[in-house]
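Colleague: I am new to this one, and I would like to understand the terms as well as the picture. Could you show it to me first?

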Amino acid sequence: MPAGDSAANEAQRQLLLATAHEKAAADARRTAASYGLASATEQRTARALAPLAAAGYHLLADRQWPGSRRAQVDMVVIGPGGVFVVDTKAWAEVSIVGDRIHRGDADVTDELMALADLAYRTEGELAEVGLAPGEVHAVAVLAGRSGVDEHVGPVRVVGERDVLQLVARHGQRLSPTQVDVVLTRALSWFRQVGAPAPVSTTLPEPVLPAPSTAVVAIPAQRHAADDAPVAPPVPDDPGTFTIEPLLDDATVQAALLDGLMAAPVEDWMAFLHPAQARVVRRSFNGPSRIRGAAGTGKTVVGLHRAAYLARTRQGRVLVTTYIRTLPDVLRQLLTRLAPDVVDRVEFAGVHETAKRILDERGVQHRIDGRQITAAWTSAWGRVAGGSIIDTDRHEQDYWHDEVRYVIKGRGLTQWEQYADLPRLGRRHRLGPQQRRVVWDLYQAYDAELRVRGVHDFADQIALAEAELRRQPPAEPYTAVIVDEAQDLSCVMLRMLHALVGDAPDGLTLVGDGQQTIYPGGFTLAEAGVSVAGRGTVLDINYRNTAEILQFASMLVADDEFADIEGATARGDRPTQVPRRGPKPVYVRCANQADRARRMVTRVQEAVRQVGTGYGDVGVLSLSRRGVDDATAALTAAGVPVVNLEKYDGVPVDAVKVGTIKRAKGLEFKQVLVVDVRASWFTEKPEQLDEVDRERREYRLREMYVAMTRARDGLWVASV
Ligand SMILES: Nc1ncnc2c1ncn2[C@@H]1O[C@H](COP(=O)(O)OP(=O)(O)OP(=O)(O)O)[C@@H](O)[C@H]1O
């Protein structure tokens, strides 16, 4: 190659390299300018949030966006009110319509959804240390704005002058220790933007023209403007920026004070065991089951899951249970646990749900307690009185339960279905003749109801279930969560299943077979529901002390029950019972007056303890009669009392008195169980016949439910 050619080539190469360097420099300036702009708006958000440091908050600025090498998170705020992932937007002409946000004509919703996605992933990460999912919030701050408080999907959109109040308003949800745990995890999740942005001086070697080309290509004359520093991009809406103080001192102090004065929520409302937090967020491709022994946090997980599903899905969520009064209590809990979504969750007992379905569809039904009793009495008199089932081994109630739970609970309408039914959970075997009489009794009772033009509660469920089968709901629920699912009848379960079908995360059954106190056991297969591969077991008892649990467990040590998944099962045993306390007290009373006197004394002693008020005490009985007696004795002694039938979860300074059936799902610091039988602790079940064994099993399970309601203290009396 001639020397001149070589020099020309080198000149051309150098010129091309120079152009490439200039372009790289211009790019770097542009990037620098955008950092500068971001920091100006972010700094204002940081200034707005800074006072939170005085209220126990940690502000993490300039953190890496997890999963991205270049993107940053403007600010992560962690403190007593939870975790806030904050992104500042210098947007002008913002409008929000429904779940979409616009800048001028441009739909910028996707930009906020990236933030929502980050909050969602953060929620999963922090669930690993137990932070409840609802405690992570995605917040978009509009620079220069005030008086804005909107939602775009899961993202809260506020003005820069509103963000402090938004955070402070969350109050005291995490304890200082929990904040530390979350902070530690968050520091490794949101890594510091420490390393300088990579600066590369390496440019690709320019490709030169072939040597044969005679003409040396000289780049075109550069334009003078190309040398000028690149101006930072114009802020989107510079006109909105002002430099007056963001918030005056009084406003800041009022906001912080509001947050500091807020009543703390219970531990489990914001912080769970990681295993619980995982179940809350877990996705199941169909109906699922959460089981575990008493006090292992099943209801807690069920409630968190209701909030989580309401927050992350469209549509309605139903929380239901057999016990009429429990949904009100659960609603009260969710109001504090997840105030943001409580309006999207419906709470209704199973019967109330059935009634709503029938009312909505105009199906006539009439429930009349007196007429139902009259129908039963008449049918019994005509068919069963004096028959082979009318013996002194069973009271009429046994046969009433047989009809109500075993037959009607399954929706049986043909004799053949009953003739050789396994009757799960009923130990007293019935021969063909006895079954025949029972069937005749059922038929007569049914005819009596029809003649009187009334339905009983089992009919109400069957009608609703048939109605849903005839015409599935136009707008199915997104999710139905059933607490105390072991109390359901087969038809109840079919009805609830029909509300959601097999949709992913549609049906969640929460319960404990050990606490089965109603006869009529059935399997999920009979109800057409499968939870195969979608079961979870919780195994840490958070409620009871080890002493209380040990005492209660004695009652059910050998108990076997018919589990809804098909097998005969023994109760789940918790692997950990971390709480310790005094031994339960068992007193044998000389007579009823003696029991009443001792019970009142015990209540008075209990409320003398620091931190225990009348509202923390539950007096439980097997029978309504026991409830009436206890109420009378306490009232006579001047102790305020509320019947559990009337308790709706709103704190009340009165001893709660009720039947054990009404106490299901509840808990009290101190529990008094007023009518155990001494023989239950001593008799040998194998020495009893099947009739007595069956009766005893149900009684003991009921006692087990009663005793496991106690958090700190248990007092048990027999006469
Ligand atoms: N992660 C947790 N941290 C602290 N306490 C917890 C936690 N989970 C549950 N608890 C406590 O344990 C108590 C029992 O929880 P929960 O009522 O959900 O249990 P359960 O399994 O539904 O009980 P049961 O079947 O006996 O009704 C709760 O009231 C709560 O006080």
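Modeller: Gladly; a word on domains first: their bounds come from an automatic or database domain assignment. Please also keep in mind that this is a predicted model.

Colleague: Then what makes you say that the shell around the ligand lies between two domains?

Modeller: Domain 2 (274-364 + 473-543) and domain 4 (585-718) both give residues to that shell, so the ligand's place is between them.

Colleague: Which residues come nearest to the ligand?

Modeller: The shell has 20 residues, and Ala294, Gly297, Lys298, Thr299 and Tyr542 come nearest. Helix H9 (298-312) and helix H7 (267-270) each supply at least two residues of the shell, and the largest share, three residues, comes from H9. By kind, the shell divides into ten polar, five nonpolar and five charged residues.

Colleague: Now to the angles. What is the phi of aspartate 62, and why does this residue count as partly exposed?

Modeller: Aspartate 62 is not a glycine, yet its phi is positive, about 50°. This residue lies in strand S1 (residues 58-64). Aspartate 62 has 18 C-beta neighbours inside 10 Å; a buried residue needs 20 or more and an exposed one has 12 or fewer, so aspartate 62 counts as partly exposed.

Colleague: And aspartate 505: is it buried or exposed, and how do you know?

Modeller: Aspartate 505 has 23 other C-beta atoms within 10 Å, and the cut-off for buried is 20 or more, so aspartate 505 is buried. Its place is in the loop between H17 and strand S14 (507-511). Phi of aspartate 505 is positive too, near 60°.

Colleague: Where is the largest nonpolar core drawn from, and which residues have the most contacts inside it?

Modeller: That core has 160 residues, and Val85 and Met707 have the most contacts inside it. Helix H17 (residues 490-500) gives the core its largest share, nine residues. Beyond four places in sequence, valine 85 is in contact with residues including Val73, Leu115, Thr122 and Val139. A second, separate core has 18 residues, among them Trp380, Ala384, Ile407 and Val438.

Colleague: Finally, how confident is the predictor?

Modeller: The mean pLDDT of the protein chain is 86, and 90% of its residues reach 70 or more. For the complex, the predictor gives an ipTM of 0.98 and a pTM of 0.83. Over residues 213-243, however, pLDDT stays under 50.

Note on methods
Residues numbered from 1 in each chain as written. Predicted model: local features only at pLDDT ≥ 70, side-chain atom pairs only at ≥ 80, totals over all residues. pLDDT = per-residue confidence, 0-100. Contact = placed C-beta atoms within 7 Å. Core = buried A, V, L, I, M, F, W, Y, C linked by C-beta atoms within 7 Å. Helix = DSSP H or I, 4+ residues; strand = E, 2+ residues; numbered from the N terminus. Near = placed C-beta within 6 Å. Nonpolar A, V, L, I, M, F, W, Y, C, P; charged D, E, K, R; others polar.
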